[in-house]
Structure formats: C-alpha cells, structure tokens
Amino acid sequence: MDALRGFGELGLGSRLKRLSEYILREAQAVYHHFNIDFDPYLFPIIKVIAQKDGVTNGEICQNLNLTQPAITQAINKLIKKELVTIESDAIDKRKKNIHLSKKGSDVVAQMKPLWKVIDVVVKDYTAHESNSLIEHLNKFEDKLSKKRLSTMIIEQAKAQTKNTVNIINYDNAYAKDFYELNVEWLKTFFYVEPYDEEVLSKPDEYIIDKGGHIFFAKLGNTVVGTVALMPLAEPGLYELTKMAVSPKYRGLKIGQQLMQHCIDYAKDVMGLPKLILYSNRRLENAIYIYRKYGFIEIPVEKDSKYVRSDIKMELVF
C-alpha cells in the first residue's frame, strides 16, 4: 500500500517531489540509453541558453524564476562539462554572456529529437480528465506503474528513427557528404591523417573502383551518416571503415543501423568470410558496440596504415 498516496492533499508536496525525482531518473535512463552524457536537472538552463544568442545569469533567473545560487550552481556544472562558455559583452565588458560551446551545441542537437519524443509521451501519460490535482496524480501514477516512462520514450524514439532512416548505396552526388561527415568526426575525436585525407578525397579510386562499397543513412533528404566496406590487399578481405554520423543525429543508433547493414551486406550479398576494423581504445562506447555485434580483438600489425589505431577487431561469419 502507498501510504503517501493515502495522505491525500496533506501529502501533496511529498507526492510532487517523489514524482519529480522519478521523472528525472527516467530522463537520465533515456539519455544513458542513447549514449548522451547529460544531467536532466540541467535541462531548463541549457534550453534557455540554446534559445538565445548569449544570455546572462540574471536573465536565466528571470526566465526560469529560480534562485541565483541554483542557476550559478547549474552554470558551473555546464562549464565543467564543457557545454557552455562565458564571454564578455562586446559593449559592456562588465556583462558576462553565456553561450553554448561547440560540444554543447552538438549535445543539444543530439537531445532535440528525444525532447520531442519525451514531450509526446508525457502528454499521452497525463492526458486525462480529473476533478482534482490528487486524482490527476493518481491516474498519472497508475499509468506509470503499468509501463516505465523511460521504456515508452526509448521505444517511441527507436520506432521513429527506424521508420525514417533510409540506407542507400554510394552515388557521386554524395561524395562531399562522405568527406565532410568523416572529417568532422576525425577532428572531433582525433585529427585527419594523410591517409584519411587521401581516401576521403578519392572514394571512387580507393573504395568503389576496387570493388568496395559506401553506404549512406538518410533522414528525409538529409544525409546523416555514412560507412564503407573497403577492400584490403589480401583477396577477399574487407575493412568496415569510415563510419561517421552527423553530430546533430548522434544518439539515435544510426551508426548501429549502418553497421548492421554492412554486416548483412558483407555476409549475405558479398559472401565474405569475415570483416575487420581498426579503432582506438579511447572510443569505449564504439568498442562496446563492436563487441556487441560479435567482433573480437586480434593483434594489430606493426605497419598499420592508421597511426591512431591501437586495436584491431575481426568478425567471422
């Protein structure tokens, strides 16, 4: 029996606090599922900052009707996570404007599609008629007891992504997308090596004309990701490589859809016995996903063409 629920209006404050903590935990579970490092508690603050081209601490307080210490604490957390920057105003140097950093913009772009799903799901969970706030809370909690909020949000987000992502074959018209997506990814995590520049600039010469394949993920008319199956010197051996997803669409498992497409194509269409890939141990999430799909670690050759590579993996069909 829920004793707090039985207190009626006397327990309203505690009920709302408990529900608030539950929703924040569920939102955290959603972000974690989609590999987004963000604290839901910071949502209102980063949303206000994202909506304005520079905003002061005081303006955030006025917008959210929160205390100055609470806003300052949240801003400090965002700074620590490198999601925002603080700059002096061009006219009044005493005025400090808060902006999203490059990393912050990328994280917000990842979260925006999820925010839309969360909004729709919460509306569905709370759309019912009631004669009092307590009755409304009772009905809301009854729905939550039947299916976790995070589960519903994740399912909706996956369904939305699955229904809209279209994976297509290479076309010269997308050569620029292939280059730009990969260069953006490399600059974010490492740097562009000479071999990268050569291959990315000439995908036909290094991949397509040699019997390789390049695939693109599209959302509507927008190319949002890419991956390649590149032939190596050993006959019949292909490398799964050049996988990159636009920062605006990361967190929606588009990379995993591209990987699964490559694996299926290599096995069922090309009849390959195995695939290999090169990576770096710093990319813990990527390594975890490779293992999830069956790749196992094998020794890296001393003359590897990738300077940054410190792990080689193989998937045998």
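**Figure 1. Arginine 291 and its partner glutamate 297.** In this predicted model, arginine 291 is partly exposed, at 42% relative accessibility; the classes are buried (under 20% relative accessible area), exposed (over 50%) and partly exposed (in between), for a 1.4 Å probe and protein chains only. Arginine 291 forms a salt bridge with glutamate 297, and their closest N and O atoms lie 3.8 Å apart. A salt bridge requires a side-chain nitrogen of Lys or Arg within 4 Å of a carboxyl oxygen of Asp or Glu. Glutamate 297 is likewise partly exposed, at 40% relative accessibility. Residues are numbered from 1 along each chain as its sequence is written, and side-chain values use heavy atoms, with hydrogens and water left out. The model is predicted: local features need pLDDT of at least 70 and side-chain atom pairs count only at pLDDT 80 or more, whereas totals for chains, interfaces and linings use all residues.

**Figure 2. A salt bridge between glutamate 301 and lysine 312.** The closest N and O atoms of glutamate 301 and lysine 312 are 3.1 Å apart. Glutamate 301 lies in the loop between β8 (296-298) and β9 (311-316) and lysine 312 in strand β9, so the pair ties together parts that are 11 residues apart in sequence. Helices (H or I, at least four residues) and strands (E, at least two) are DSSP runs, numbered from the N terminus. Glutamate 301 is partly exposed, with 28% relative accessibility, while lysine 312 is buried, with 13%.

Figure 3. Lysine 139 and glutamate 135 meet through their side chains, N to O, at 3.4 Å. Both residues belong to helix α7 (residues 133-146) and stand 4 residues apart, about one turn of the helix. Lysine 139 has a relative accessible area of 30%, and that of glutamate 135 is 25%. The structure holds 20 salt bridges; elsewhere, Asp2, Arg15, Arg18 and Glu141 are linked in a network of them.

**Figure 4. Lysine 242, a buried charged residue in strand β6.** Lysine 242 is found in strand β6 (residues 238-245). Lysine 242 is buried yet has no salt bridge, and the nearest side chain of opposite charge, aspartate 196, is 4.1 Å away. In this count Lys and Arg are positive and Asp and Glu negative, while His and the chain ends are not counted. Beyond its neighbours within four places in sequence, lysine 242 is in contact (heavy atoms within 4.5 Å) with residues including Phe178, Asn182 and Tyr306.

**Figure 5. Nonpolar cores of the protein.** The largest nonpolar core has 68 residues, and Phe38, Leu78 and Leu240 have the most contacts inside it. Helix α6 (residues 102-126) contributes the largest share of this core, 9 residues. A second, separate core of 24 residues includes Val183, Leu186, Leu200 and Ile214. Such a core is a set of buried Ala, Val, Leu, Ile, Met, Phe, Trp, Tyr and Cys residues joined through side-chain atoms within 4.5 Å.
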